[in-house]
Each structure stands twice: as C-alpha cells, then as structure tokens.
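User: Here is a model I would like to go through by question and answer. Please keep each reply brief.

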Amino acid sequence: MDAFSPLWNGFALAVTPGNLLFALIGATLGTAVGVLPGLGPAATISLLLPLSYALGNSVTSIIMLAGIYYGAMYGGSTTSILLNIPGEAASVVTCIDGYQMAKKGRAGAALGMAAIGSFIAGTGGVVGLTFVAPPLSAFALKFGPAEYFSLTILGLMLATYLSGKSVIKGVIMAILGLLLATVGMDPVTGNTRYTFGLMILEDGFDFLTLGMGLFGLGEIFTTLEQKMKAELVTTKITNLWPTLKDWAISKWSVVRGSLIGFFVGLLPGGGAVIASLLAYAVEKRVSKEPEKFGTGALEGVASPESANNAAASASFIPMLTLGIPGNPAIAMIFAALLIQGVTPGPLLIKEHPDLFWAVIASMYIGNVMLLVLNLPLVGLWVQMLKVPYSILAPFIVLICSIGVYSMKNDVSDVAMMVIFGVLGYILRKLEFELGPLLLAFVLGRILERSLRQALLISRGDISIFVTKPISAFLLGIVVLMILISIFWSMYTRFKARPVPSNGRA
Amino acid sequence: MKRWERIAAAILTFIGVGAAAIAYDLGFGDFNHPGPGFFPFWLSAILALVSSVYLLTRLGADSRRVPLWERDTWVRPSQAGVVMFLYALSLAWIGFFSSTFLLFLVWLILIEREKWLTIILVSTLGTACLYLAFTVFLRVPLPRGAIF
C-alpha cells in the first residue's frame, strides 16, 4: 500500500477541478490536432507553450501539454481510416488497412479497435511508467557530469540513428542544433558567442521561436506545396464496439503492439512513429495470412495504433527520469518544464513529487477521457475534417506568430520564427530530419555544462569519460553504433555494386 | 536531388569552418580551463568534417533523378514565406489588428485563391476572433498601430 501512496497523492491532485479541466482541454486539443492533417503534436505543444506559461501552475500546464501529446496519437487514426491521409506521422501505416476497411463499410470496427487498442496500450504504457520511472530515477542519481555527458551523447546518437534513413544527415542536424544552442551568452564566462553584434542574439535563440519555426511554419510551408484533396469516406459510422470475432483476431496484435511501442518509446529518437512502423512490420511477419495486409486487415490497424500510444507514454520515462527528451513533442514538454523552473531529471521525483505523480495520474485519467472522446464523439471529429485546410492554414500561422510574440512582446521574434520556418522547409525538402536538431538544441546547454564540469573535476584529463564505468559503458554503445552504421553502409554499397560480367562484350 | 544536396553539404562545410574560426578567436582555453570558444570549436570542427564527408558521398552521377520541386510546387510556400515575413515587419508599424486583417486577405487571395465571399467573411471574422481571444480573454499586449 505504501508503495502506491505517492500515486494516490498524485490522483488526489490530478482530480482537482482545474487539473481535470486542463487534462480534458489537452486531450481534446490533442485529438483535434491528431485528426487535422498538417499540424503535429510538437507544433501544437509549441503553440500552447505561452499559454502554459500564463497558467503559472507547472502541474496544470504539464498535465495539459501531456494530454495533447498522447491525445494526438488517438486522433491520428480517425483521419487515416476515413481520409487515407495520416492525421499525424505516427498514423501513417494505419492508412493502409484502415482506409481499406472503411471502403468496405467497416469504418466503425476500424475506428473502434484503434480507440480501444490505443486505450489498452496507453494505459499499459502508463503502468510501465509508474513502475519503471522511480527505480531508473534512483539509479540516475549516481550520475556525475561525466556520466551525464556520455548519456547525452548516447541520447543524441540514438536520436540520429533512429530518426531517419541517413545517419550522416542526422548527425549533421544534431551538431547544427548543438551549435545553435551556443549562440548568445556563455553561461560560465559571460562572453557573447556568434552574436555578430546583434542585440537580438545576445540571449541566444529562444526554444519556442526555433520550435514553432521549424515545426509549425515549416510544416505549413511543406503542406502548401500540394492542394489537399482527399476523399472522405462518408458512409454512416456504426458498430464501433468490436465483435467477439474482432477481439479474437486482434487481441494479440494489441498486446504485441503495446510491448513494441513501450520498448521503442523508451529509446531517444524512438517515439511513436518508429513504434507504429515496427509494429505493423512485425504483425505482417507473424500473421498466418500476410496477404490480407493492405486489403483491410484489422490487425494492421490494432497493432500500430496500440504501439504509437504505448510509445507516447513510454517516452515520458527518459525525459522525466534522466532529463533526456526522446522526440520533438517530448522536447517541447521538456522546455515547458524548464520555463516553469522545473528541471527534468533524476532529482525531479524527489524535488517535485507532486508534479511527477500528478502527471502520471492524469495520464490514467486522460486515457479514459480519450476513449470517451474518440468512441461516442467520433462523428464530431468527422465534421471537423470538413473544414478546408485553406481556411485553417492562416489561422495556424497567426496563432504561431502571436504565441512567439507574446513571450517577450518583441516583433523581431516573429521575424526570427519565419526565418526558422523557411530553414525548416528547405531542410525538409533536402530530406534532413529536424528531430535531432531540436533535441540537440534542447540538450546543448546540458552537454556543454557537463563537459566543462567533468573536465574541471578531472583537471583537464579527458580519460575521465572512459575510466568511470557507467560513462565508459554508455560511450562504448555510442562507438559500437558508429561502427555498425559504417560497416552497414559499406556493406550496402558493396552489395549495390554492379557485378562485372565474365565474358567480354 | 544530388546537386542540391551537394550545395547544402558545401554550405554546411563552410559554416563549420567559419564557426570554428570564430570560436577559436573567442578563446579556446585548455582542457583544464575551457574557454568560451572551447565547446563551439569542437562542434564546428566536427560539423565541417562530417559535412565534407557527406559532400564526398554526394559526388558522382545522380541515380535518383528526382527534382527538388515538381513543376511549380515551390510557388505557394515561397509566397507564404514572403507574406509571413512582411507580416512580422508590419506588426510593429501598423499594429496587430490591421496587419492580421491584411494577412488573411493576402493569404486567401494570393495563396489559396478562395471565393470573394469566403475571403471577406474569414478575414473579418478571423481577425475579430483572434483579437478577442488574445487581447480581451488572454490579455496578451499585442502591438498597436494607427487604427487599433
């Protein structure tokens, strides 16, 4: 009973009317952005960061922002199933079988299974978070600057490794993010760096300006390339509750999806997108009838939708316990905590137990809210899909602008956001992943501080990073990953080489 | 595609070299007492190195002959970028209310090519809604201009 008392205290705080209201607002907004294509959870959280600042209460604002993140995972499936367009990136694979089911008149079953699978996986993920986070946090208390330096490097390396097709492009983005974080005043000596005499750069780039530019405006610019035309499946949505046969088909898919999602979500850079792709691939591999996939297989909806929700819950673990955000949306929540004066990391559970447990408790409640929002109210979300994107786009860019302006009441921040928006668009066009850039930007100051502290402790001896066992182990994994990626790249190049013919032509 | 990637890699290499030179001037210090340029120097050097390796991998014939922009798909994003930049500049001059109304108008006419009734309705109601939401309810002190 004693072991659960912090969680009960968290529930006591989470069920206060104000917190319940903001959990509901977060879940509703999350579902809305999940449903709407062209606006992801990272952009929405960045949009609402100024509001969370205005709320003043760290517990309430994080409850709301967390709700947006896991709510988006629920909402994304609706658009995938009914419109064949992913509402957000983690629902890409749901389109394949979900839309086919909808075309065959089984939209209700697909939507219902997606919501129920999401509920089971999301709640399972929070149970995992409840039990894994405290011991991991206690273990991380042993970490000194050297261990933190190595852990941050490992986090960044994993993020670049898992975020896209090209590791080298990911590495470039991560270094660029770290460099951008050094702009402004040096925290130790007070010297200004890379400001070029511009006053606007003396405080460095603001996380919000960067995030909204790269993810908010950048996404809008990319979406503007094509006029969005899609065919909404308009048949009446009935029978949302899965039949016994549906359960029999997909129960193990939900379990597999949840487990895959949870473990992938733990990794920096893993997140919901990779979890859903992996879950779909595994489901197809283990299926006795793989040919069914792509023609409307219920397992093809249940498994990835469970995986993205489990991953969303699990990705809170490294952020809350180690202070390492794993994906852009979680990095936004990390920034929100910093704005509120709360530093995520191993000390969080000790210094702010109320916040830690209230957020976890609110996630249990939020998952129930989302089940209600997504099953009986699915018709409402379908109506929202009828609002043309051409009308929504100017609203989104204006809300981004007001959000950035309101942080410091400075118009130059809006101009800076536009510059980052253009940069984000160009980088997207060149197939550079923006996730590592944002994560590196967030972690840049932590990395520099731990590097300097470690060197100060060791009196300039860089072997401190390999003589401390935990640090050496973490760096060992980094080296192993680099070697594997080099050998893999050489192997694929070798395989792709044309075989010379023996005979002369 | 490769041509654009080569240009990007060259720019990134140049940024790396330039940033490393600036960082060195800032004061490198030593391993015992790292200066303000210590961390950025190593980052810039790694950026230059990795970007030049990336440049090398992009040399040679392009196996994926995919253009960066299909036909004129670049037009609407470019228009949006320019409109947004002008909006940022006009905020300080003519205030939130007028510049927001203008942004709606220009966006819906130029970028979205909407019908006139939609343009007028969305521009008027949209500006009013945003003004009410942010100025009246959330009390954000938005920039004022000649009219509002």
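**Loops, helices and contacts**

User: With 11 C-beta neighbours inside 10 Å, does Arg113(B) count as buried or exposed?

Analyst: A residue is buried with 20 or more other C-beta atoms within 10 Å of its own, exposed with 12 or fewer, and partly exposed in between, the C-beta atoms being placed from the backbone. Arg113(B) has 11 such neighbours, so the residue counts as exposed.

User: What kind of model is this?

Analyst: Residues are numbered from 1 along each chain as its sequence is written, while chains are lettered from A and ligands numbered from 1 in the order in which they are written. Local features need pLDDT of at least 70, side-chain atom pairs count only at pLDDT 80 or more, and totals for chains, interfaces and linings use all residues, since the model is predicted.

User: Where is Arg113(B), and what is its phi?

Analyst: Arg113(B) is placed in the loop between helix 3 and helix 4 of chain B; helices are DSSP runs of H or I with at least four residues, numbered from the N terminus.

User: Which helix of chain B gives the most to the side that touches chain A?

Analyst: Contact requires C-beta atoms, placed from the backbone, within 7 Å, and 52 residues of chain B are in contact with 46 residues of chain A. Elements giving two or more residues to this side of chain B are helix 1 (2–27), helix 2 (38–57), helix 3 (75–111) and helix 4 (116–137). With 17 residues, the largest share comes from helix 3 of chain B.

User: How does helix 4 of chain A lie relative to helix 5 of chain A?

Analyst: The axes, lines fitted to C-alpha atoms over the stretch in contact, with angles from 0 to 180 degrees between N-to-C directions, come within 6 Å and cross at roughly 55 degrees for helix 4 (residues 58–83) and helix 5 (residues 94–103) of chain A. Under 35 degrees is roughly parallel, over 145 roughly antiparallel, 65 to 115 roughly perpendicular and the rest oblique. Therefore helix 4 of chain A is, relative to helix 5 of chain A, oblique.

Methods:
Contact = placed C-beta atoms within 7 Å.
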